[in-house]
Amino acid sequence: MNSWSDVVIGVPTYRRPALLRALLESLAPEAGPHPVTVVVADNDGDPAIAALVAELADELRLDLHYRAVTERGISQVRNQLIRTATELVPTWRWLVMYDDDGTLTPGCLERLLSQGEQIGADIVGGRVLHGVGEHDRAIARAYMAASLRPRANGLVDMINGAQNTALGRRVVDLVGDPWYPDDHGLSGGEDYAFFARAKALGARFGWVDDAAVNEPIPAARLTDRAVLHRAFVENAANALTDCQLHGRGAAVQHLLGDLRWPFVHLVSGLRHHDHDVMADSMVGIVGLAGRATGLAGGRFEPYRECSIVTARPSSAPSTAGPLAH
């Protein structure tokens, strides 16, 4: 990166002061030496968080700003971050999103932005290390499979979450306000909805595997019940996005095309007593049930404390041409 004056970092937060402090402390050595603007958007509007942000601005020597977002929902918070970035830095070029339960690894911000620019992407994603491994249950490993596998740096079809992502100004201007749909604020899937709309407009996605953020998932969010609940709810929300973008008929055809594979894998897993294959099949079946519910217009339950916020992305097709640069 030749210039950092047009970089803004946005942090959504909700009732996690200790984790927010840890994130900002890990951000300080990465952003502090540069003229980077940092915005914390608080979905609780808590004066104690506002005071903490003011304290950390002095302590960490960051250009740190606080915004309260009184309407509940992660979409509402992410939209406010984009609006505030434009208010504070009208000519901003990159907006980097870090969730409040992560911490940066050394050099990850520089790599995300510099390599993202070299790739020529409009939206750039980096690795999120959740700490899920062989010691965790097969259902959790199956659900998190997309984030566990290393990916080659370069242009990719889609990225699978809003944590540790950089949004280019061009695609933000093209998609338009509201970027993240308000009706996904509590159900989840707001990141997929934004990415899918951007892709339909021709946005290019990039991946930087070594720009990693640590975001350990608490054990309570890795129970079978929590994982399957998240798979159902987020797939239901993603199906709504697919309907809006591609029409109900195309979304139904896509669902029907995927219908048999989890059951085929389940039979194979049972035959070979392969618990990992059976777990992957179960996550897939629950995801299909969620998609069917979303296509039928079912209502989605709000986030629970046990829910996982990282989703396995859907694969809705794009029919648009390249985004103008």
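Helix α8 (residues 190-200) is mostly covered, with nine of its eleven residues buried. Buried means under 20% relative accessible area, with over 50% called exposed and the range in between partly exposed (1.4 Å probe, protein chains only). Helices (H or I, at least four residues) and strands (E, at least two) are DSSP runs, numbered from the N terminus.

This is a predicted model: local features need pLDDT of at least 70, side-chain atom pairs count only at pLDDT 80 or more, and totals for chains, interfaces and linings use all residues. Residues are numbered from 1 along each chain as its sequence is written, and side-chain values use heavy atoms, leaving out hydrogens and water.

**Around α8**

Which residues of α8 are buried? They are E190, D191, Y192, A193, F194, F195, A196, A198 and K199. The cover over them includes α3 (74-88), β6 (123-129), β8 (165-168), α7 (169-175), β9 and α9 (224-246). After α8 comes G202, with a positive phi near 100°.

V171 lies in helix α7. V171 has a relative accessible area of 1%, so it is buried. V171 and A198 are 27 residues apart in sequence, but 6.7 Å apart in space, C-alpha to C-alpha.

**The nonpolar cores**

In soluble globular proteins, nonpolar side chains tend to be buried together. A nonpolar core here is a set of buried Ala, Val, Leu, Ile, Met, Phe, Trp, Tyr and Cys residues joined through side-chain atoms within 4.5 Å. The largest such core has 37 residues. Which members touch the most others? They are I9, L24, L27, L64, V96, Y98 and L109. Two or more residues of this core come from each of β1 (7-13), α1 (17-31), β2 (37-42), α2 (47-60), β3 (63-68), β4 (94-97), α4 (108-119) and β9 (205-214). A second, separate core has 30 residues, including V156, M158, I159 and F205.

Take L109. Contact means heavy atoms within 4.5 Å. Leaving aside neighbours within four places in sequence, L109 is in contact with W4, I9, L27, E30, A31, V96, Y98 and L104.

**Two partners of α12**

Helix α12 spans residues 275-295. Axes are lines fitted to C-alpha atoms, for helices over the stretch in contact, and angles run from 0 to 180 degrees between N-to-C directions.

| Pair | Axes | Angle |
|---|---|---|
| α9 and α12 | within 7 Å | roughly 40° |
| α10 and α12 | 11 Å apart | about 160° |

Angles under 35 degrees count as roughly parallel, over 145 as roughly antiparallel, 65 to 115 as roughly perpendicular and the rest as oblique. The pair α10 and α12 is therefore roughly antiparallel. Its crossing is left-handed, meaning that the near helix is turned anticlockwise from the far one by less than a right angle, with clockwise giving right-handed. On α10, the contact uses R248, A251, V252, H254, L255 and D258, and on α12 it uses L288, R291, A292 and L295.

The crossing of α9 and α12 is right-handed. On the α9 side, L228, A231, F232, N235, A236, A239 and C243 take part. They meet M282, V283, V286, G287, A289, G290, R291, T293, G294 and L295 of α12.

**G269 in α11**

G269 sits in helix α11 (residues 261-272). Is G269 buried or exposed? It counts as buried because its relative accessibility is 0%. Beyond neighbours within four places in sequence, G269 is in contact with D274, V277 and M278.
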